[in-house]
Amino acid sequence: MRGEMPASPQVETIFNREVLEEKIKRFQQDGKDKMQVIADFDRTLTKAEPAALLSLIEKSGLLGADYSREADELFKEYYAYELDQEWTEERSKKMREWQDKHTALFIKYGLTKEILDQITESSPIQFRAGTDEMIKKLEAANVPLVIVSGAPRYLIESHLKKAGLWHPNIHIIANDYEFDEHGKFTGICEPVVHVANKDEILNDGYHRYQEIESRTNVLILGDNPDDVNMIGRHLWSNIISVGFLNPSSKKNRNCYTKVFDAVITNDGSMKLPNGIIDQVIGQNKTPQ
Ligand SMILES: [Mg+2]
């Protein structure tokens, strides 16, 4: 591995070789049974374009023009808070308000399970190059992939299933939509996940927490500096963070290189995370 390695004319992979190799060594010493991957979904496991999962609902037009207008008004009111770099209670409160108002719109305009299924069927979302390889590798090695996302769990799961990437080692900690017996959306279960509370979501309140809490070496994948907070407040032993600085990101390169151990620009592939996973899995202490 070299310090700066242009994988193609546009894609750069930026990291400090010594620091990263030192961290990988620690992961290798503990073996794959101590490792887990915690990843954001939108624009991390998926390509930066064309869309994030939640926006597919609006783009589909299936909830009508009035829904789109009202959702857009909310966007204008709250998006500035999302862009704010500060990790404050005020920001978290505003993000929650946005979620609650948006949830009310889903009820008002009649979101249904059927609509979500239609959206999945015609979805333009594509997984990032190498995500399928990564998911297969983790499944084969029985290493958990924990997806922490503010998107609807239903859509994350349906997209993984559609791509043939749904496996028992995958955990999805995202927004659980509730439906009545006719498939009509009725609300979101607590805890509601949004961009500013990802640090509060992964904890012993999660029903499969015991499957991951002893895996204290964490590879984090995200496309927003906030995503490093997905690890919650548990004291993990070793952390390697990889950030995707997508062209659509409003935040600058300095911010990413400060926060993440490695930064991949311009919607690059999973080559680097896959290489890290290979190095750890290949060093497993208990051969199978
Ligand atoms: Mg994202």
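**Close-up 1. Gln 279, a partly exposed residue of helix H9.** In this predicted model, Gln 279 has a relative accessible area of 31%, so it counts as partly exposed. Gln 279 belongs to helix H9, which covers residues 271-281. Look for Phe 27 in this view as well: 252 residues separate Gln 279 and Phe 27 along the chain, yet their C-alpha atoms are 8.8 Å apart.

Close-up 2. Three residues of the protein supply donors to the magnesium ion: Asp 40 through OD, Asp 42 through O and Asp 223 through OD. These donors lie 2.1 to 2.3 Å from the ion. Along the chain, the donors are spaced as D-x1-D-x180-D. Asp 42 and Asp 223 bring distant parts of the chain together, being 181 residues apart. Asp 42 sits in the loop between strand S2 (35-39) and helix H2 (53-60), while Asp 223 sits in the loop between strand S7 (217-222) and strand S8 (238-245). Are Asp 42 and Asp 223 buried or exposed? Both are buried.

Close-up 3. Asp 199 counts as buried because its relative accessibility is 11%, under the 20% cut-off. Its side chain makes a polar contact of 2.8 Å with the side chain of Arg 233.

**Close-up 4. Helices H3 and H4, side by side.** Helix H3 takes in residues 65-83 and helix H4 residues 89-108. Their axes come within 10 Å of each other and cross at roughly 175 degrees. How are H3 and H4 oriented to each other? They are roughly antiparallel, because the angle is over 145 degrees. The residues of H3 that meet H4 include Tyr 67, Leu 74, Phe 75, Tyr 78 and Tyr 81. On the H4 side, the residues involved include Arg 91, Met 95, Trp 98, His 102, Leu 105 and Phe 106.

**Close-up 5. Helices H5 and H7, crossing at an angle.** The axes of helix H5 (residues 113-121) and helix H7 (residues 153-162) also come within 10 Å, with a crossing angle of roughly 40 degrees. That angle makes H5 oblique to H7. The crossing of H5 past H7 is right-handed. From H5, the residues that meet H7 are Lys 113, Leu 116, Asp 117, Ile 119, Thr 120 and Glu 121. From H7, their counterparts are Tyr 154, Leu 155, Ser 158, His 159 and Lys 162.

**Close-up 6. His 167 and Asn 142, in two loops.** His 167 lies in the loop between H7 and strand S4 (170-175), and Asn 142 in the loop between helix H6 (131-140) and strand S3 (145-152). His 167 is buried, at a relative accessible area of 16%, whereas Asn 142 counts as exposed at 52% relative accessibility. Beyond its neighbours within four places in sequence, His 167 is in contact with Ile 135 and Glu 139. Asn 142 deserves a look at its backbone too: its phi is near 55 degrees, a positive value in a residue other than glycine.

Close-up 7. His 171 is part of strand S4. With a relative accessibility of 1%, His 171 counts as buried. What joins the side chains of His 171 and Arg 208? The link is a polar contact of 3.4 Å. Leaving out residues up to four places away in sequence, His 171 touches Pro 144, Leu 145, Val 146, Ile 147, Tyr 206, Arg 208, Glu 211 and Ile 212.

Close-up 8. Glu 49 and Pro 50 are joined by a cis peptide bond with omega of about 15 degrees, and Pro 50 lies in the loop between S2 and H2. The peptide bond from Glu 190 to Pro 191 is also cis, with omega near -5 degrees; Pro 191 is in the loop between S6 and S7. Asp 267 is not a glycine but has a positive phi of about 60 degrees. You will find Asp 267 in the loop between strand S9 (262-265) and H9. Asp 267 is partly exposed, with a relative accessible area of 26%.

Notes. Residues are numbered from 1 along each chain as its sequence is written. This is a predicted model: local features need pLDDT of at least 70, side-chain atom pairs count only at pLDDT 80 or more; totals for chains, interfaces and linings use all residues. Side-chain values use heavy atoms; hydrogens and water are left out. Donors are N, O and S atoms within 2.8 Å of the metal (3.2 Å for Na, K and Ca); water is not among the atoms, so sites may look incomplete. Helices (H or I, at least four residues) and strands (E, at least two) are DSSP runs, numbered from the N terminus. Buried means under 20% relative accessible area, exposed over 50%, partly exposed in between (1.4 Å probe, protein chains only). A polar contact is a pair of N or O atoms within 3.5 Å; within protein, one must be able to donate a hydrogen and the other to accept it, and residues adjacent in sequence count only if both atoms are side-chain atoms. Axes are lines fitted to C-alpha atoms, for helices over the stretch in contact, and angles run from 0 to 180 degrees between N-to-C directions. Angles under 35 degrees count as roughly parallel, over 145 as roughly antiparallel, 65 to 115 as roughly perpendicular and the rest as oblique. A crossing is left-handed if the near helix is turned anticlockwise from the far one by less than a right angle, and right-handed if clockwise. Contact means heavy atoms within 4.5 Å.
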